[in-house]
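Subject: Handover of a structure

Hello,

I am passing this structure on to you. Please look through it first; my notes follow below.

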Amino acid sequence: MIKLFERRTRITVQRIKKKKSPFIYKSYSKKPKHTWLKKRKAAERRFRNAGLISILIAFLFLVSLVCNIVSSGYSAFTGTQIKLPITFQTELVEKGAYRKIVQNALLDLFQDVETRKEKRSLFMLISRNAPYELKSLIKQKPDLIGTKIDLWLPAASATSIFYKQRLLEESKRIGKINGDQAKWVTTLAQSQRTRLKFNMPFFKNGDSREAEQAGILASTIGSFFTILVCVLLAFPLGVATAIYLEEFAPRNWVTSIIEININNLAAVPSIIFGLLGLSIYLNFFGMPRSSSLVGGLVLALLILPVIVISTRNALHSVPQSIRDAAAALGATPTQVVFHHTLIYALPGVMTGVILGIARAFGETAPLLMIGMVAFIADAPQTITDPATTLPIQVFLWTNNPELGFVEKTAAAIMVLLGFMILINLCAVYVRKRFEIKW
Amino acid sequence: MSAKQTAIESSNMENNQPLDIRMKTRDLSVFYDDKQALFDVNLDIYKNRVTALIGPSGCGKSTFMRCLNRMNDYVDGCRITGKVRLDGFNIYKDNVDTILLRQKVGMVFQKPNPFPKSIFENVAYGPKIHKLTSSKDELEELVMKSLKRVGLWDEVSDRLSSPGTSLSGGQQQRLCIARAIATEPEVVLMDEPCSALDPIATARIEELIAELEQQYTIVIITHSMQQAERVSDYTAFFHLGKIIESGDTSKIFNDPEHQKTKDYIGGKFG
Amino acid sequence: MAKYEKLIRATLLSCTMLSVMITVMVVASVFSETMRFFSNVSVFNFFFGTEWSPQTAIRPDQAGGSGTFGAVPVFLGTFLVTLIAMAVAAPLGLFSAIYLSVYASPRFRLWAKPVLEILAGVPSVVYGYFAVITMAPMLREFGETIGLSIASESALTAGTVMGIMITPYVMSISEDVISAVPKSLSMGSLAIGATESETVKKVILPAALPGIVSALLLGVSRGVGETMVVVMAAGMAANLTINPLESVTTATVQIMTLLVGDHEFDSDKTRAAFALGFSLFIMTLILNIVALIIVKKYRERYD
């Protein structure tokens, strides 16, 4: 052993003598060690690139997600309208046959259409909602009866998609429109009887069977009602719980069990809360199904642990010396909390609440379970009315096979993500603007 | 730098006199973002001698030391101008390989930082990654040799597989020194190696430094004047990023030229 | 004054009690329904039966027929989708975390991290949409070009999208864990002349291993409990298969299909959903507790 040891030392000394500049890579090229170093360098590069590629994949996905949604959704913000020469014949108006009026106008424009089949496909160019628009127009201006005017009426969803895509790309696929219809739309476009207008119905309507009439107003209002209920319950409850646990609770096993309990609640899959809503709120208390009240109550359970944990963290970050200082001036424990600790921790508390709201806003599964999956055409008036929320609207439209709903879905997602970004920006603002650094 | 000076350097390098200059810095300045931490530092470090760097906290000693094996590369926003030469080669040239450089210029940190691995693995780590040994026996031998050299072998030979963090502070620091010399470095940098240790462990490390001096060139940062006086041959006094005075340790401690040096050594500030 | 003080404290305490009651209620309600389910259907059949067709049990004469509530295909499907998701999320999340904490410049990290965390904030229904509209056709076309037939609702589609959804989650926990490893350790390794990748592989990762394991466990628990992506992209049919190209079903999907739109709660069919929910709850609870214990142990080691 000793002998080997000595040999080893000698080798070391020799090596030092031989190499003049052992730390310079280039001068090293003829040594056998060079290949090992090369290998190490290659491994280093591989490892580094693997990290970079992972990040790029994640970025790529984000970009493709956004591009995908924007490219298929932006067109939903405009709707196609067709100008028709409408004649309000008195007898038709009195009979309420507004559909006939629209059909006559179309036949006026295309007088060579004769067969039943052709007529049917011609009438399908215009939205089924158009007669109702005429009806409400006559209600407002009865003096129009018996006159003939040019009116802009909404096109059917298939027509609209064909028209928009033709505007973008002449040769793109035609969609669910037949050859005749394509020809007619082209004719209408050439005679300046078509236009694209901001799609107001998308923002002021509820759900509809007709894609061109479907909108997000009802579901957005449903979302707001739900969030309102959720925050009204979860905010005071969560903050009070956090204050008690952080400032007053005795440190014993009961408290620690409560803590573990609440922490674990944060990781329970959201669908379990749906089960709870179903069995307790609906079955046991008999609350109204599909209402934003129950939805809000379920989401409140979901974000309660989020609020408790973030509030506790915020309270915890207030230094003990502040509490001591207040107590030394004779403040009672509750005064210490409500005059000092809570006030200084408020930015952190608010950030937590806002992030909780963001989570509740995007939540879908538990709300589906309590029946908020209904077809809601009218905006809910109270929190006990059947309602749906924006994410559920997205879910419903995604499942709708009709072509017109694809762009609606993407557009609804854009609105949903817009709200999410807004909420998160609020959180960032509150944190940046008000947070106290200790 | 004149051509004449360069010539002197290379001639110095060739004849293997004991008082070879191993490392030298010329006009070395270091910036952290916009803040300048070192101002035109010139220092020679002699072969097989101990050079001590002393000075008040924040004076740039550590920054200077980290320039010697390019550990500053890992500090964000750090920029370096001037030259650092090892055996006449500027280590800040592009073709310098930092991996090989650090194998030759080892470093021991202020706080003992053994890896959360066994004692054996701690020492064997360097030789393994650099493939300094070709067989398991050779590796074991090298580990043994390194542990013996820091005087730790007798204390840990029966528990080489227990974690390095289970040792006492002084033992941990010696383990870190063993880890540094296991890669067969030529220069060893020590950044306040004794600041976290008790007096007995400190005395042990100081003895060790005196032994290591035979084979290695050592640079040591210390806050203790007595320690600098005891272990070092040369001393450089840093203040506010500049070298105020450098030279023989006995000269600096007994007859400093500069008033600031006198004040610092006399304990007037620090 | 003292009265006022007491009142506030009592209010706070009762709020806490209410919160605790709610957490107990969640468990109790699901548990009681589950118990009622198991009084009709044997536990053994539920956990080891291989045939899942709960719809047939609606007729009273057939209630609780043996083999009807065999949940093995459901759990297998859950397992398969989660496995695929982790096969995507674990390497992507881990390597991203390593790159961000070791290699990335501070400026890159400053904007890359929030951007990647956007992915975590996107509602799951949006991922479901993406899986249905984009991922499924893309994978199917890709499958055709290499001669594989991929079902339009496949475990692969759902798993891949879910994996991308979990990635930022795994990434941000791993990054926290990696940056919690003391800097002095990596400096010690680098000062010997180790490359950064050697330092990561031999010093940082072994030291951070417990934390990384728990990050992965939390990712798994996310995947197991995720609903919307699988409801939209994985399918309803309970196939006993481990072929990722086929349609599988998961526990969450089954809970959803059994309960959505149903007004009756007194059949074994709906109670089966509660039994699945309870199993899911126990599974995620165990995963989380184990992960938290590991993290806690790990923190203590370096504090």
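Residues are numbered from 1 along each chain as its sequence is written, and chains are lettered from A and ligands numbered from 1 in the order in which they are written. The model is predicted, so local features need pLDDT of at least 70 and side-chain atom pairs count only at pLDDT 80 or more, while totals for chains, interfaces and linings use all residues; side-chain values use heavy atoms, with hydrogens and water left out.

Positive phi in chain B

B:Asn48 has a positive phi of about 55° although it is not a glycine. Most residues other than glycine have a negative phi. For accessibility, buried means under 20% relative accessible area, exposed means over 50%, and partly exposed lies in between (1.4 Å probe, protein chains only). B:Asn48 counts as partly exposed because its relative accessibility is 24%.

B:Asp33 is another residue other than glycine with a positive phi, near 55°. B:Asp33 is in the loop between β1 (21-32) and β2 (35-46) of chain B. With a relative accessible area of 55%, B:Asp33 is exposed.

A positive phi, near 50°, also belongs to B:Lys131, which follows α4(B).

Buried parts of chain B

Why is helix α4 (residues 119-130) of chain B described as largely enclosed by the rest of the structure? Ten of its twelve residues are buried, so the description applies. Among the buried residues of α4(B) are B:Ile119, B:Phe120, B:Asn122, B:Pro127 and B:His130.

B:Thr51 belongs to strand β3 (residues 50-54) of chain B. Its relative accessibility is 2%, and therefore B:Thr51 counts as buried. Contact means heavy atoms within 4.5 Å. Leaving aside residues up to four places away in sequence, B:Thr51 touches B:Ile45, B:Tyr46, B:Ile218, B:Val219, B:Ile220, B:Ser232 and B:Tyr234.

Nonpolar cores

A nonpolar core is a set of buried Ala, Val, Leu, Ile, Met, Phe, Trp, Tyr and Cys residues joined through side-chain atoms within 4.5 Å. The largest one has 185 residues, and those with the most contacts inside it are A:Ile272, C:Phe46, C:Trp52 and C:Ile255. Helix α3 (residues 72-103) of chain C gives the most to this core, namely 14 residues. There is a second, separate core of 44 residues, which includes B:Val123, B:Ala180, B:Ile205 and B:Leu212. B:Val123 is also one of the buried residues of α4(B).

Chain A

Chain A has 18 helices and three strands. It contains 438 residues, and 50% of them count as buried. Of the contacts in chain A with a separation of 6 or more, 76% are between residues 24 or more positions apart. Accessible areas come from the Shrake-Rupley method with a 1.4 Å probe, and for residues only the protein chains shown count as cover. The accessible surface of chain A is about 21,300 Å², with 61% belonging to carbon and sulfur atoms.

How do two of its helices pack? Helix α4 (residues 98-109) and helix α5 (residues 116-123) of chain A have their axes 10 Å apart, at an angle of about 110°. That makes α4(A) roughly perpendicular to α5(A), a label for angles of 65 to 115 degrees. The residues that meet are A:Gln103, A:Leu106 and A:Leu107 in α4(A) and A:Lys119, A:Leu122 and A:Phe123 in α5(A). By class, this contact has four nonpolar, one polar and one charged residues.

Chain C

Chain C has eleven helices and zero strands. Its C-alpha atoms fill a box of roughly 80 × 75 × 35 Å along the principal axes. Of its 303 residues, 57% are buried. Residues 24 or more positions apart make up 73% of the contacts in chain C with a separation of 6 or more. Chain C exposes about 12,500 Å², and carbon and sulfur atoms supply 67% of that area.

C:Asp268 lies in helix α11 (residues 268-302) of chain C. C:Asp268 is buried, with a relative accessible area of 6%. Between C:Asp268 and C:Ala90 there are 38 Å in space, C-alpha to C-alpha, and the two are 178 residues apart in sequence.

Regards

Conventions. Helices (H or I, at least four residues) and strands (E, at least two) are DSSP runs, numbered from the N terminus. Axes are lines fitted to C-alpha atoms, for helices over the stretch in contact, and angles run from 0 to 180 degrees between N-to-C directions. Angles under 35 degrees count as roughly parallel, over 145 as roughly antiparallel, 65 to 115 as roughly perpendicular and the rest as oblique. Ala, Val, Leu, Ile, Met, Phe, Trp, Tyr, Cys and Pro count as nonpolar, Asp, Glu, Lys and Arg as charged, and the others, Gly among them, as polar.
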